[in-house]
Amino acid sequence: MKCKEIQDLIMTDYGDRQMDEESRKTVAAHIAACPECRGFEQAFQKVGFEPFAQARKEKAPEAIWTHIKAGIEQEQAGGQPARLRRTGTMRELIRFRRPAFALATVAATILVVFLIARQPHDTQYAVNGYLEDQAEFLTYLGGGEGDVTAYNGNGYVDFGTDIERYFF
Amino acid sequence: MDEIARETIIQAASGDADAFEQIYRATADFVYTIAWRMTHNHQEAQEITQEVFIKAYRKLGRFGFRSSFKTWLYRIAVNTAINASRKRAIERQSVPYDDSVAAVHVADTRDPLTQKEDREQSEALVQSLLSLLSPEQRACIVLRNIEGLSYQDIARTLGININTVRTRLKRARQKLYDSMKKGVIHHEV
């Protein structure tokens, strides 16, 4: 193993004794033979492990249980439990429940998609323009100067246009 | 982690205050220690502990015995403490931890006459080291170095992969080591 890997293990599994005995012996042998890793281990112990070895575990003050018990009794009686935390109360008031939040998100998404779908797009303008042109042309054809001739399945229908007069 | 009897949990879930008190007595110190180490503030640690047990009481009926009860409770505790710690960091704007005494000079004297002073200095060093870490890294260090949980138990408590536990511990300790090398933390032997 390389020194970098050994030093990573010193900071984790080896230092925490979370590795099997055989792997531990391999790492220990490397440390014993490598001055750099030995120096790292000694320096690291001072900041990574030694200070915490003396750290005390705290004892929960009795007052906490008194408050919890009062809160539970109040809750059992149908009220809201007493809270020490003022900010917590405000947070409870403005907090959304997860299903409500999910439902609101879905509704908002559908609304946004609907509104986007309703917006006219460039292609729609082009289609509308084309249809308007066609309608205008048909109006023109059916309007003044004359009519067109079209085959309706049974024969030609005379619309009386100049073209028809020219050809027929 | 010693488990709490299934019967006690069921009784507590059905509203038995004595059974819930048994659960509290068996776990309160752990929860309080986590809260205190995460915030370094006794008032806040008390509020977090209270919040954790109120939450646990409300959710007890939904505990399905699919995991260890203590793991379940400790997860509530760590998450509540991490959230409180984050909120505190936001409120204090970039000061992530109480006191923010990152630079501490600790003389490791072993004179019995100064034992109390030593303990206080040792505590100050622990808190200053923890203050250098993010809430997530701090939680990992507290669970491992102070509470002595195995990597597997830390992973279950935090609801993360065991390799993520390794990564967080490594990064946290690397940060502590780098801080020592840069002279942010002074530790004389």
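# Two chains and the contacts between them

A:Lys4, A:Asp8 and B:Lys170 are linked in a network of salt bridges. A salt bridge here is a side-chain nitrogen of Lys or Arg within 4 Å of a carboxyl oxygen of Asp or Glu. The structure is a predicted model, in which local features need pLDDT of at least 70, side-chain atom pairs count only at pLDDT 80 or more, and totals for chains, interfaces and linings use all residues. Residues are numbered from 1 along each chain as its sequence is written, chains are lettered from A and ligands numbered from 1 in the order in which they are written, and side-chain values use heavy atoms, with hydrogens and water left out.

Consider chain A by itself. Its secondary structure comes to nine helices and two strands; helices (H or I, at least four residues) and strands (E, at least two) are DSSP runs, numbered from the N terminus. Along the sequence, the pattern of chain A is α-α-α-α-α-α-α-α-β-β-α. Of the 168 residues in chain A, 24% are buried. Buried means under 20% relative accessible area, exposed means over 50%, and partly exposed lies in between (1.4 Å probe, protein chains only).

Helix 1 of chain A shows what burial looks like in one element. Its buried residues are A:Ile6, A:Gln7, A:Leu9, A:Ile10 and A:Met11. The cover over these residues includes helix 2 (21–33) and helix 3 of chain A, together with helix 8 (162–182) of chain B.

Now take the two chains together. In chain A, 42 residues are in contact with 49 residues of chain B, where contact means heavy atoms within 4.5 Å. The size of an interface is often given as the accessible area lost when the parts come together. Chain A and chain B bury about 4,500 Å² between them, and 57% of this is on carbon and sulfur atoms. Buried area is the accessible area (1.4 Å probe) that two parts lose on being put together, summed over both.

The rule finds 18 residue pairs in polar contact across this interface, both residues being at pLDDT 80 or more. A polar contact is a pair of N or O atoms within 3.5 Å; within protein, one must be able to donate a hydrogen and the other to accept it, and residues adjacent in sequence count only if both atoms are side-chain atoms. On the side of chain A that touches chain B, the elements giving two or more residues are helix 1 (3–11), helix 3 (35–48), helix 4 (50–53), helix 5 (62–76) and helix 6 (86–94) of chain A. Helix 5 of chain A gives the largest share, nine residues.

A:Asp13 is buried, with a relative accessible area of 7%, whereas B:Arg166 is partly exposed at 24%.

Two further pairs involve helix 5 of chain A. The side chains of A:Glu62 and B:Arg25 meet in a salt bridge (2.9 Å, N to O). A:Glu62 lies in helix 5 of chain A and B:Arg25 in helix 2 of chain B, so the pair joins two chains. A:Glu62 is partly exposed, with a relative accessible area of 46%, and B:Arg25 is partly exposed with 40%. B:Arg58 forms a salt bridge with A:Glu75, with the closest N and O atoms 3.2 Å apart. Here the pair crosses from helix 3 (residues 42–59) of chain B to helix 5 of chain A.

Which residues does B:Asn145 touch, not counting residues up to four places away in sequence? They are A:Gly48, A:Phe49, A:Phe52 and B:Arg173. B:Asn145 is found in helix 6 (residues 135–146) of chain B and is buried, with a relative accessible area of 15%. A polar atom of its side chain lies 2.9 Å from the backbone oxygen of A:Gly48. The side chain of B:Asn145 also makes a polar contact with the side chain of B:Arg173 (2.7 Å).
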